[in-house]
Amino acid sequence: MEFFYALALIAGILVAFILLVLIATSYDSFKAKIPPEVDQPSKLSLYHYFYTLVEILAKTSESLGIFKEHILIRLICGGLPAFRDSKLFIKDLHFDGVPVRIYLPRLPSASKWRGVIFFHGGCGMYGGIRSHERVCRYIARESDSVVMSVGYRLSPECKYPAQNLDCLTAAVHFLKTAENYGVDPDRIIVCGDSVGGTFTANVCQELANRTDIPKIRAQVMIYPFLQALNFNLPSHQKNAFTALLSLERTVRYMLKYLNKDCSLKEALLAGSHVPESVNLKYRKWINPDLIPEKFKQDYEPPLPTPCVPQIHEETKELFETRISPLLAEDAVICRLPEACIITCEHDVLRDDGLLYKKRLEDNNVKVTWYHIEEGFHG
């Protein structure tokens, strides 16, 4: 027995030593800006350090040939199984091949339920139905609605745009069959956080001109990623080093999601992927001048950067509306359902939400905007 205790002690010391070495060699990765006014700064610090350590372990495991980086991150950050919910019926189904989970209130209703189609965040590579289980249960209970959570396929195993297509397929199926679940087809909203907000915007745009299915009642985007042209907006500068989602991590994950070489990161941050003609075309929609002045404190306009044709050619997907819904034409935007956009002050993606809010309002689409002054991404 003493032998096993000694073996366990040695193993524990070895693991602790490896972790210390990883932390020491990756010290810069742990550095992050924790704004003093942020909500629960100690919790943000804890989340940041934990996630950064997981990321370092994942990169190390991939370099040693043990695990692919994204696999280990999924295993650790995938969320814990939730317990049975006394207020909800929960069903796992497939809608035209796409896995979904339906949350139905147990108490009967005098009228048909409202419906919520939910797309989870996670950069298109992480997360899933389980990681957002508690969020979806909360929405179903508090809004007294039927919630459908979509388990779209993840990159890099399933290449872009498989994720968008799965979200669209599941949404169309639910809209067509809503009454089977006691849902009023005229009271269905689409909702998503982070890249789930991207999918929300894209699905609504894709369905804007469809007449064969019920219209989506509203779209809810929680700190969404909406454009990949300009990474030098005020929120990018202000929150470039903010904990959890830095600007560098945002661009690196976007490249990994698209199965691109991460060495392109610096070129994208500088804007070398955008031809002058494209900049001129879209500056009416993506421009720091469109951001309200109160959000531009200490903002410094970047120096112009010439486009590198090879970089542009390698990153053409960034100009598609599936990645950058902000680039959709006015003829599409004006037909979108009313929106609720949630932004956080300490979020690198804050200005994406602000710019989309303006685009929608300019096209006479009603917008409810909720800005969390002490909030951060995730």
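In which kind of crossing, left-handed or right-handed, does α6 pass α7?

Author: The model is predicted, so local features need pLDDT of at least 70 and side-chain atom pairs count only at pLDDT 80 or more, while totals for chains, interfaces and linings use all residues. Residues are numbered from 1 along each chain as its sequence is written, and side-chain values use heavy atoms, leaving out hydrogens and water.

The crossing of α6 past α7 is right-handed (the near helix is turned clockwise from the far one by less than a right angle). Helices here are DSSP runs of H or I with at least four residues, numbered from the N terminus. Helix α6 covers residues 162-177 and helix α7 residues 195-206; their axes lie 10 Å apart at an angle of about 60 degrees. Axes are lines fitted to C-alpha atoms over the stretch in contact, and angles run from 0 to 180 degrees between N-to-C directions.

On the α6 side, Q163, N164, C167, L168 and A171 make the contact, and they meet F199, N202, V203 and E206 of α7; contact means heavy atoms within 4.5 Å. By class, this contact has five nonpolar, three polar and one charged residues (Ala, Val, Leu, Ile, Met, Phe, Trp, Tyr, Cys and Pro are nonpolar, Asp, Glu, Lys and Arg charged, the others polar).

The largest nonpolar core has 93 residues, and F174 and Y356 have the most contacts inside it. Its largest share, seven residues, comes from α6. Such a core is a set of buried Ala, Val, Leu, Ile, Met, Phe, Trp, Tyr and Cys residues joined through side-chain atoms within 4.5 Å, where buried means under 20% relative accessible area with a 1.4 Å probe, protein chains only.

Methods: Helices (H or I, at least four residues) and strands (E, at least two) are DSSP runs, numbered from the N terminus. Buried means under 20% relative accessible area, exposed over 50%, partly exposed in between (1.4 Å probe, protein chains only).
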